[in-house]
Number of protein chains: 2
Amino acid sequence: MRMDGYSWGEQPEQEDSIKLNTNENPYPPSPNLNATLSQITLNSLRRYPHPTADPLRDEIAKLHSLQRENILITHGGDEALRLSFTTFLDPKHCFGMTDPSYSLYPVLSEINDSPVIRIPLEPDWKIPEHFSQTLNDSDVKLACIVNPHAPSGYLSSGNEIKRIAEQFRGLLLVDEAYVDFVDPELKHDLTYLVEELENILILRTFSKGYSLAGLRLGYLIGNPKLIDPIIRKTRDSYNIGFLEQQLGLEAIKHRDYSSTTWGLVRESREKLKIELQKIGFKVYPSQTNFLLVEIDSSEMLPAKSICTFLKSRGIFIRYFDTERLSNKLRISIGTPEQNDKLVSELINLLSKNTK
Amino acid sequence: MRMDGYSWGEQPEQEDSIKLNTNENPYPPSPNLNATLSQITLNSLRRYPHPTADPLRDEIAKLHSLQRENILITHGGDEALRLSFTTFLDPKHCFGMTDPSYSLYPVLSEINDSPVIRIPLEPDWKIPEHFSQTLNDSDVKLACIVNPHAPSGYLSSGNEIKRIAEQFRGLLLVDEAYVDFVDPELKHDLTYLVEELENILILRTFSKGYSLAGLRLGYLIGNPKLIDPIIRKTRDSYNIGFLEQQLGLEAIKHRDYSSTTWGLVRESREKLKIELQKIGFKVYPSQTNFLLVEIDSSEMLPAKSICTFLKSRGIFIRYFDTERLSNKLRISIGTPEQNDKLVSELINLLSKNTK
C-alpha cells in the first residue's frame, strides 16, 4: 500500500464538549424513532435483513417522485462513494474533482489505483466554466462534485450542474450530503435529472439532515442503468442492517420533523455569520450547516492557533492543513447556546491577542 | 462489468415460513440486548460513531486473549472478505479457494479482476494434502478456506490449518463463520496462530452464533501488520454504526447465553442427522448449524424437486445448482419443532414418490 488513508474528524469522548467539527445536525432525530426502536423485537435481528432494502427504496422513491429502480440504499454516503469508484472506474482510468473538495475522494481514487485530476475552484468557490472540458481533455471517467460545496458552503445552481453533466463524457456524481440545509426558497432540486441523463448519480445521506450520523445510512439516486449493476454486482450482499432499514423508513416518514430543524439551522447560520463577521472573520456564503471563515493573520492569531485554543476550551472545529485552507476554519452550526459559547470564547481570545 | 453477482438465499416475507436456507441460529439473541436497545437515546445516533469501534475491539480481544491491535470490526463477514481482497490482492494476482466453497469468494475475486484457482476437496470434503503446494505453484497471493466448511459442515483440525498456513506463501483467510457450533470437546481454536504467523486472518461473524444476522457485524483477527493497513487505509471511515457497536458489545458480554443455544443446535443436529438417515439420505458429518445431505435419485426424487416441494409447504432449504452439489441439499438446523415439521413433510413426500 502506497498511501495514507482518510483522516476522520476528531470524535471527543466527553459528553459536554461542543462538537462543531464534523457537521452533524445539532438537533436530535425525530422522536418518532424512539417508538421504532422500542418496537424492535430481538427475533427480527436473528434473520438476515431485506437484501436490497426495498421498503426503504420505495419510500425514498416516493419522496423524489421516482421509481424503486432509481434508488440504491447504502451504508452511509461513504459506501455510496466507494461503490461508485469500484463499479464505474477501472484502475488507471482518471478520476476528477474540484480542489478543494471532500478529502475522502482522492483516498478512494488512490485505493482504486486511479490518477486524480484536480480542478481549482474560482476564488469565490464557483466551479470554473471549463470544468467539463478539462475533465474530457484528461479522459476522466468519474468525477465527484460536492454541492452545496464542502468545505466552503457554496451552492452551484441546478442549471450549472446540468450543463456540467451534459458536457462531461464520463459519469458525474453529485454529492448532496448537505442539500437538506439549502434555503427552500431557492427550489434547488436535481433529482429530476436522473430521468433525463444517464451519466449522473446523486448522493444523499441521513447523517446530516436527518441527524443520524451514528446510523450509517445514505442513498444514491440515478438511472436504473447505473443503479442496477451496483445492486447486482459490486455492493456487499446484505449491505443494510435491519435497524437501519427500519429507522431510515421512519426518518423519511417523519421528514417534516427534520425539516423543522433545517429551518432552525438556517436561522442560526445567518445569525452566526453576522457575529463572526463582527469579530473580523471573512465568512463565505453558505447553503450548508457549516460556515467557512477566513482569518487575516496579519491582524489576528493564525487559524490553526484559534482551532487549538477552542479545543482547549472544549469546542471542536475543523482546521485543514492545506495551502488554500490553512488560513481558514470550518465551523459546524450548533444550537444557539453552542454558537453563543463559540462566539464568546472567540471574542475572549481575540480581544487579548489582536496584533 | 463482465460478471454475475452473488446470489443471496431467499428471504421469504411470510412470518410463519420455516427458514432453513441461510443458516441463521434458530434461537433469538440474548434477551439482555433488549435492555441495550431500550437504553439507546436518539441523541447518541446524531453523532458519528466511534471510527474504529475500540470498546468492542477491546472486549473481543479480551475474549480471545489478544490485543486491540489484533482485531478489526467489520460490517458483517462480507465486509471482512471484501476488505481482505482490496487490501491484500492486487488486480491480476491469483486468488485461491477450495471447490466447493462459499459462493461469494469467486464473485469478489472477479470484482478484483483476479483469476480464481479452485482446488477440489476430497470426496469426504477434506482439504487435499497438496493444497498449499498447488496455491504456491500458481503464485496465489490470497486464499480463503471456510472452516468448518460450507456447505459440507466438515471441520479441518487446527493442526491441518496451521500446516497449510505455514506452507502457503500468500495470505490465508480462514472464514470461521460457523465455528461457534463446533463441539467444545474438540477444543478447536486457531486464534493463537495470529501471534505465531503473519499470513493468517481469521474471520468471525455475529450473524450465526450470536443470532444477529440482521445487525451486520463481524470481525477479523490477525497480526497487527495485517489489521493496521485495513483500519487506516481501505475500510470506509465509519464502517460500524453506533447501534451495532453497542449491541455487539452486549452480545459478547452475554456470550454464555448464545453459547447455550449452540449446545441446543448441536443436540438438534445429531437428532436430525439420525432422522434424515432413516429417510434414506446420506448425511455428511457436520460441526456447523447445518447438514449437507445427499440424495440417491435412482431411489427417490431429485434434490431440486425435494427443495421445490418443501418450499410449496413453507419450508425453505438450500439447493446449489453446481455439478458436485446438484444431488445434495443444505439444511440449516431449526428449532426442534421446525426440524420435526421438516422430517414429517419429507416422510410424507417420499413415501408417495419412492421409485
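Arg82(A) and Asp236(B) are both buried, buried meaning under 20% relative accessible area, exposed over 50% and partly exposed in between (1.4 Å probe, protein chains only). The two residues form a salt bridge, with the closest N and O atoms 2.9 Å apart; a salt bridge is a side-chain nitrogen of Lys or Arg within 4 Å of a carboxyl oxygen of Asp or Glu. This pair crosses between chains, from Arg82(A) in helix α4 (residues 76–88) of chain A to Asp236(B) in the loop between α9 and α10 of chain B. Helices (H or I, at least four residues) and strands (E, at least two) are DSSP runs, numbered from the N terminus.

This is a predicted model, in which local features need pLDDT of at least 70 and side-chain atom pairs count only at pLDDT 80 or more, while totals for chains, interfaces and linings use all residues. Residues are numbered from 1 along each chain as its sequence is written, chains are lettered from A and ligands numbered from 1 in the order in which they are written, and side-chain values use heavy atoms, with hydrogens and water left out.

**Interface of chains A and B**

- Across the interface of chain B and chain A, the rule finds 2 salt bridges.
- There are 25 residue pairs in polar contact between chain B and chain A, both residues being at pLDDT 80 or more. A polar contact is a pair of N or O atoms within 3.5 Å; within protein, one must be able to donate a hydrogen and the other to accept it, and residues adjacent in sequence count only if both atoms are side-chain atoms.
- On the side of chain B that touches chain A, α1 (32–39), α2 (42–46), α4 (76–88), α5 (104–111), α9 and α10 of chain B each supply at least two residues.
- The residues of that side of chain B divide into 29 nonpolar, 21 polar and 16 charged. Here Ala, Val, Leu, Ile, Met, Phe, Trp, Tyr, Cys and Pro count as nonpolar, Asp, Glu, Lys and Arg as charged, and the others, Gly among them, as polar.
- The contact takes 66 residues from chain B and 66 residues from chain A, contact meaning heavy atoms within 4.5 Å.
- Chain B and chain A bury about 5,500 Å² between them, 57% of it on carbon and sulfur atoms. Buried area is the accessible area (1.4 Å probe) that two parts lose on being put together, summed over both.
- In chain B, Leu42(B), Arg46(B) and Tyr48(B) lose the most area to chain A, together 14% of what that side buries.

**Other salt bridges**

- Over all chains, the count by this rule comes to 46 salt bridges.
- Side chains of opposite charge can pair when their charged atoms come close.
- Lys19(A) and Glu24(A) meet through their side chains in a salt bridge (3.1 Å, N to O). Lys19(A) counts as buried at 9% relative accessibility, and Glu24(A) is buried with a relative accessible area of 4%.
- In chain B, the side chains of Glu294(B) and Lys328(B) meet in a salt bridge (3.7 Å, N to O). This pair links distant parts of the chain, 34 residues apart: Glu294(B) is in strand β10 (residues 290–294) and Lys328(B) in strand β12 (residues 328–332) of chain B.
- Lys328(B) counts as buried, at 7% relative accessibility.
- Asp54(A), Arg57(A), Asp58(A) and Arg68(A) are joined into one network by salt bridges that share partners.

**A sheet in chain A**

- In chain A, 3 strands form an open sheet in the order β9-β10-β12, with antiparallel pairing. Two strands pair if DSSP finds at least two bridges between them.
- β9 (282–283) and β12 of chain A stand at the edges, each with a single partner strand, so one side of each is left without a neighbour in the sheet.
- β9(A) and β10(A) pair over 2 bridges, and Lys282(A) stands opposite Glu294(A) in β10(A).
- Strand β10 (residues 290–294) of chain A pairs with β12(A) over 5 bridges, where Phe290(A) has Ser332(A) as its bridge partner.
- Strand β12 (residues 328–332) of chain A has 5 of its 5 residues buried, so it is largely enclosed by the rest of the structure.
- Lys328(A), Arg330(A) and Ser332(A) lie on one side of β12(A), Leu329(A) and Ile331(A) on the other, and all are buried.
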